[in-house]
Amino acid sequence: MKSATRTVRLELTEPLRISRSTMAARDAVWLSVEHGGITGHGEAVTSVYYGLDATVLRRCFAEVARELCRCPHPSAALESLRAGELAGGATPPAVRAAVEAALLDLVGIRAGRPAHRLLGLPRPPVTATARTIGITSPLHAAAQARALTASGFEVLKVKAGLPDPEEDVERLRVVRDAAPHARLLLDPNGAWTPQQAATLLPRFADLGVEAVEQPVAPGDPEGLAALAERSPLPVIADEDAVGLDDVRRLAGRVHGVNVKLAKCGGVHAALRIVETIAGSGTELMLGCLTASSLGLAPAVHLAGLARWTDLDGHLLLAHDPWTGIGGEDGYVRTSGLPGLGVEPRAVRLGRRAAVGAP
C-alpha cells in the first residue's frame with residue numbers, strides 16, 4: 001500500500017471563543033492510502049490543547065506509512081491497527097483515528113459497503129446534531145439561536161466560562177428566549193471551580209439546560225463524579241474522559257462521556273468505550289473537533305449509538321472542502337456511498353454539472 005499526505009488550512013466562518021481560547025482557523029492533514037488503484041482518505045487536525053501541530057502530524061503519518069508498506073492488503077492493515085501493532089506506542093490518538101478512517105474508507109470502497117455496515121451497524125444513521133454558539137455577546141447569541149432553529153436545528157450547545165459567570169447566565173437566558181423549543185447543552189470547558197459549579201448548575205437547570213459538559217477543570221475525576229452525584233442536571237465528562245481507562249473510572253458515576261475519535265484513538269476505540277458504559281447509567285455523547293466533513297465522517301457512522309450528538313465541526317467552516325454528511329438542516333447523516341461516504345466538494349460539483357443537475 002502507498003500513502004501520501006496533504007496539509008490544508010481550514011478557516012472558520014467566524015472566530016469561535018471558548019473559555020480557554022479563541023480559534024479562527026486550524027490546519028488539517030489529509031492522509032490518502034492507495035491499494036489496487038483505489039484510495040481511502042482520513043483527516044487529523046491540529047490542536048494546541050493536545051499539542052499537535054501540522055509538523056508533528058506529518059511526521060507521525062510518515063512513520064505509519066513505513067509500516068503500511070509492509071501490510072499485504074487493507075483489511076490486514078486494519079486488523080493490525082486495532083491489535084496495536086500498527087501505529088502503536090507513542091502514536092497520538094488523532095493520528096491513529098485518521099489512519100483507521102482511511103483504511104475503513106478504503107476497505108469499504110473495495111467492498112462496496114458503507115463504513116457503518118463494516119462495523120456491524122446495519123442502519124444508516126440520521127441524527128440531530130447540536131450546533132455550537134461560542135462565547136459572544138447576548139445580542140449575537142440570540143441572533144444565532146434564531147437563525148439556527150429556523151434552519152432546522154433542534155439542539156444548541158452554548159459555550160460558557162467567562163470570569164463573570166453572570167455573563168454566561170445572561171447568554172443562556174437570551175438563547176432560551178430566542179429558541180424556546182430547542183434542546184440546550186452547556187459547555188464551560190472546565191472553567192468553573194467546584195463551588196461555582198454547585199451554585200450555577202441549579203440556575204442553568206431552571207433555564208432548561210438538558211446537560212452540562214465538563215463544568216470543572218479536568219484532572220480530578222473523583223471531584224467530577226461527586227459533582228455529578230448532586231447535580232440537578234446531567235453531567236457529561238469531556239476533558240476528563242480521554243480514553244478507555246478514563247471512562248472505566250467514570251462509568252456509572254457521571255451521566256455521560258463525550259467521545260471524540262481524535263482523543264480516544266478512532267472508531268474501534270469508541271466502540272470499546274460504548275461496550276464499557278453499556279448498562280452503567282452513563283450514556284454516550286459523540287463530539288468532535290472543528291474539522292472538515294472528512295474528519296467528522298467516521299463519527300457520523302456511529303451516531304445511532306449516542307444519546308447526544310455534537311458533530312457540527314464542519315458547519316463552522318467558511319468552506320468545507322469535503323461533502324457527504326449533511327448537517328446544514330440540523331441533521332447529520334451517511335450518504336449511502338461506500339466507505340466513509342464523503343468526497344471532495346469539487347468532485348461532487350463536477351459530477352452534478354456533467355449530468356445537468358440544478
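Author: What follows goes through the charged pairs and then the cysteines.

This is a predicted model, in which local features need pLDDT of at least 70 and side-chain atom pairs count only at pLDDT 80 or more, while totals for chains, interfaces and linings use all residues. Residues are numbered from 1 along each chain as its sequence is written, and side-chain values use heavy atoms, with hydrogens and water left out.

Side chains of opposite charge can pair when their charged atoms come close. A salt bridge here is a side-chain nitrogen of Lys or Arg within 4 Å of a carboxyl oxygen of Asp or Glu. A search of the whole structure finds 19 of them.

One joins glutamate 239 to arginine 20, at 3.1 Å from N to O. Glutamate 239 sits in the loop between β9 (235-237) and α9 (244-250), and arginine 20 in the loop between β1 (2-18) and β2 (21-35), so this pair ties together parts that are 219 residues apart in sequence. Helices (H or I, at least four residues) and strands (E, at least two) are DSSP runs, numbered from the N terminus. Glutamate 239 is buried, at 8% relative accessibility, whereas arginine 20 is partly exposed at 41%. Buried means under 20% relative accessible area, exposed over 50%, and partly exposed in between, with a 1.4 Å probe and protein chains only.

Another salt bridge links arginine 82 and glutamate 100, at 3.2 Å from N to O. Arginine 82 belongs to helix α2 (residues 74-82) and glutamate 100 to helix α3 (residues 93-111), so the contact ties together parts 18 residues apart in sequence. Arginine 82 is partly exposed, with a relative accessible area of 26%; glutamate 100 is buried, at 2%.

Arginine 248 is partly exposed at 46% relative accessibility.

Salt bridges also form a network, which links Lys157, Lys159, Asp187, Glu213 and Asp310.

As for the cysteines, the structure holds zero disulfides, a disulfide being a pair of cysteine sulfur atoms within 2.5 Å. The sulfur of cysteine 71 has its closest cysteine sulfur in cysteine 69, at 8.9 Å, too far for a bond. Cysteine 288 is in no disulfide either, the nearest cysteine sulfur, that of cysteine 264, being 13 Å away. Cysteine 71 is buried at 12% relative accessibility, and cysteine 288 is buried with a relative accessible area of 16%.
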